[in-house]
Amino acid sequence: MTEKKASLDIPSLARDLRSGHRAALARAITLVESRRGDHQALARELVQMLLPDTGKAFRVGITGSPGVGKSTTIDVLGTYLIEQGNKVAVLAVDPSSARSGGSILGDKTRMARLSASDHAFIRPSPSSGTLGGVAAKTREAMLLCEAAGFDVVLVETVGIGQSETAVCDMTDFFLALMLPGGGDELQGIKKGLVELADMIAINKADGDNLKRANITAADYRGALHILAPRSEHWHPPVLTYSALAGTGIAELWQKVLDHRKAMNASGDFAARRREQQVKWMWSMLEQRMLARLRSEASVRSRVRKIEAEVADGHLTPALAAEQILELLK
């Protein structure tokens, strides 16, 4: 009993986390990911307490289709950043079972060099069926990493569904990784993803793929010319690199630095973060409302009756939604 209380001593946990204790950071993230009501209340207290220590890190979202080499890229990029004197945190969201919540959590095994560094922290978190595969608590985990002194936070998506939009709404720089290949492959890209990206990087630009990678990069540059950029102060560049050979990594990170400099000079950096905070508030509100519908016994029983009426065809989903909203008043 004493040990349990000590593990939930929020001021002590915050103090240890600020001191850079990795175990404290891991416990804090576990706390914010917990679905228990008492843990959620403690997590909110912890994040609020640590808020003054956040906001100084580079927040970089990295996405791309499965097989593009996201984890390998993060391993090489993270190692390079550590060599430059940075501390790097990686929040890698793994696919998880919608039924059991189980997760493969294989990303960490594909970041061998980064995992061995004392200046890196890798947290694979199951997506638990959340929209787009982005863990519901990734934002809080990112703030905790910043409070623990990490200079760069890399958020890797599972590369499916709506995860691109979710990660874009919580990071300062959004990097889209692509594979060499032009023509038909280029036609198949999602316009929305390209419009969100602050940079497109073509991986596997080595050996026989080098020529194809350069052609693909030229095709993407042409495509970006006809799309409106997210900011008038930044036009997304297209680079080629090889995570396997480690080439082009320094140039890739330099573009991230150039982007932050341009966004700070124009005021877009602060404006984007303010906008993200408001979106985060509404996202949290939606989660709290759904949690209330599931947790309060009287409300939950009524919701089940409404669900049955919809399933039996006695009530339209639209009218059912209105009745459920009335239960929250």
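User: In which helix is Leu325 found?
Analyst: This is a predicted model, in which local features need pLDDT of at least 70 and side-chain atom pairs count only at pLDDT 80 or more, while totals for chains, interfaces and linings use all residues. Residues are numbered from 1 along each chain as its sequence is written, and side-chain values use heavy atoms, with hydrogens and water left out. Helices (H or I, at least four residues) and strands (E, at least two) are DSSP runs numbered from the N terminus. Leu325 falls within residues 317-327, which form helix α15.

User: Is Leu325 buried, partly exposed or exposed?
Analyst: The relative accessibility of Leu325 is 44%. Buried means under 20%, exposed over 50%, and partly exposed in between (1.4 Å probe, protein chains only). Leu325 therefore counts as partly exposed.

User: Which residue forms a salt bridge with Arg123?
Analyst: A salt bridge is a side-chain nitrogen of Lys or Arg within 4 Å of a carboxyl oxygen of Asp or Glu. For Arg123, the closest N and O atoms of the pair are 3.2 Å apart. The partner of Arg123 is Glu33.

User: How many residues apart in sequence are the parts that Arg123 and Glu33 tie together?
Analyst: Arg123 lies in strand β3 (residues 120-126), whereas Glu33 lies in helix α3 (residues 22-33). Arg123 is buried, with a relative accessible area of 14%, and Glu33 is partly exposed at 28%. The parts tied together by this pair are 90 residues apart.

User: How far apart are the closest N and O atoms of Arg36 and Asp38?
Analyst: Arg36 is partly exposed, with a relative accessible area of 39%. Asp38 is partly exposed, at 39% relative accessibility. The two form a salt bridge, and the closest N and O atoms are separated by 2.6 Å.

User: Which residue is linked with Glu275 and Lys279 in a network of salt bridges?
Analyst: The side chains of Lys279 and Glu275 meet in a salt bridge at 3.5 Å, N to O. Lys279 and Glu275 are separated by about one helical turn because they are four residues apart in helix α13. Lys279 is partly exposed at 36%, as is Glu275 at 46%. The network that holds Glu275 and Lys279 also includes Asp169.

User: How many salt bridges does a search of the whole structure find?
Analyst: The pairs above include Arg123 with Glu33 and Arg36 with Asp38. Over the whole structure, the number of salt bridges found is 11.
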